[in-house]
Amino acid sequence: MSQPIKVLSPIRLKDFNPDFHERLDKDETREKSLKVCQRIGELQELLHADARQALLIVLQGMDTSGKDGTVRHVLQSVNPAGVETANFKVPSAEELAHDFLWRVHRVVPRYGNIGVFNRSHYEDVLIVRVLKLQPTHVWRARYDQINAFEKHLTANGVVILKFFLHISRAEQAERLKARIADPCKNWKFQPDDLKMRAHWPKFMKAYEDAINYCSTHYAPWHVIPANRKWYRDYIIVKTVAKALEAMKLKWPKPHEDLSKFRID
């Protein structure tokens, strides 16, 4: 690959091509993705039975980058009962009465489950920074706090996969236009999307800094070229399957000697 996915050293987002796809064939890649999704389904059953670890998938990206679509595709073959999802929107009054990580920690997936964060604790160094919702010294200190939080989770059996769905500004424009043109997608369009779009350069800088400060060996960031949805999904399903395989999951032993049981 001519473009890295896992971030292991400081990067500049301008060096990453959102349209990158390794010149793969779309239909063939979709077929491969489907097979990997089926494998994820098998591994999720094993994760649930093993019940000693959890997998947390963190999805970040600009509006229309495909966070919802990614969830639908990656988890299409899993048992919904073993998935916990959380969407982080504007904090409630109760959430604002606590530290910024309080609402995050309380929805970390339990052992045996896959968790999905559609947006996450990183909003507190992204939109909070861009819209100046907190003083600089407040959000800047959160990089270290996030790293400590993620280190705590990984030390306690939570494997974290962080994906930045990287689309171009031009691609976002086409997807926003599609939401306006298609009556079935009208409900997805929000005027605030355009307000956030106006801050594109500031968001790219905020994402770049978040990735560079918070891509650690225990919870690295993955920059996913997301202009082509089929390639985005392919890279993510491969990464998820690989992470599950690396967890060295085992079927638990029965609590009793099953040979003594007779079923008539």
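How many salt bridges does the structure hold?

Guide: The model is predicted, and it holds 20 salt bridges. One of them joins Arg-228 and Asp-19, with 3.2 Å between the closest N and O atoms. This pair ties together distant parts of the chain: Arg-228 belongs to the loop between E5 and H10, Asp-19 belongs to the segment before H1, and 209 residues separate the two. Both partners fall in the middle class of accessibility. Arg-228 is partly exposed because its relative accessibility, 29%, lies between the 20% and 50% limits. Asp-19, at 28%, is partly exposed as well.

A second bridge is local in sequence. Asp-192 and Lys-195 both lie in helix H8, which covers residues 191-197, and they are three residues apart, about one turn of the helix. The closest N and O atoms of Asp-192 and Lys-195 are 3.5 Å apart. Here the accessibility classes of the two ends need to be read separately. Asp-192 has a relative accessibility of 44% and counts as partly exposed, whereas Lys-195 reaches 54%, so it counts as exposed under the rule of over 50%.

Helix H10 runs over residues 229-246. Of the 18 residues in H10, 13 are buried, and the helix is mostly covered. From its first C-alpha to its last, H10 reaches 26 Å, close to the 26 Å expected at 1.5 Å a residue. Just after H10, Lys-248 takes a positive phi of about 55°.

Some bridges also join up into a network: Arg-129, Lys-205, Glu-208 and Asp-209 are linked in this way.

Other charged side chains gather in surface patches. Lys-6, Lys-32, Lys-238 and Lys-242 form a positive one. Its member Lys-32 is found in helix H1, residues 26-50, and is partly exposed at a relative accessible area of 45%. A patch of negative charge is made by Asp-25, Asp-27, Glu-28 and Glu-31. Asp-27 also lies in helix H1, and its relative accessibility of 51% makes it exposed.

The C-alpha atom of Trp-221 is 18 Å from that of Val-74, and the two residues are 147 apart along the chain.

Key: Residues are numbered from 1 along each chain as its sequence is written. This is a predicted model: local features need pLDDT of at least 70, side-chain atom pairs count only at pLDDT 80 or more; totals for chains, interfaces and linings use all residues. Side-chain values use heavy atoms; hydrogens and water are left out. Patches are made of residues with over 30% relative accessible area and no salt bridge: like charges are joined within 9 Å, nonpolar side chains (Val, Leu, Ile, Met, Phe, Trp, Tyr) within 5 Å. Accessible areas come from the Shrake-Rupley method with a 1.4 Å probe; for residues, only the protein chains shown count as cover. A salt bridge is a side-chain nitrogen of Lys or Arg within 4 Å of a carboxyl oxygen of Asp or Glu. Lys and Arg count as positive and Asp and Glu as negative; His and the chain ends are not counted. The place of a charge is taken as NZ of Lys, CZ of Arg, CG of Asp or CD of Glu. Helices (H or I, at least four residues) and strands (E, at least two) are DSSP runs, numbered from the N terminus. Buried means under 20% relative accessible area, exposed over 50%, partly exposed in between (1.4 Å probe, protein chains only). The expected span of a helix is 1.5 Å times one less than its number of residues.
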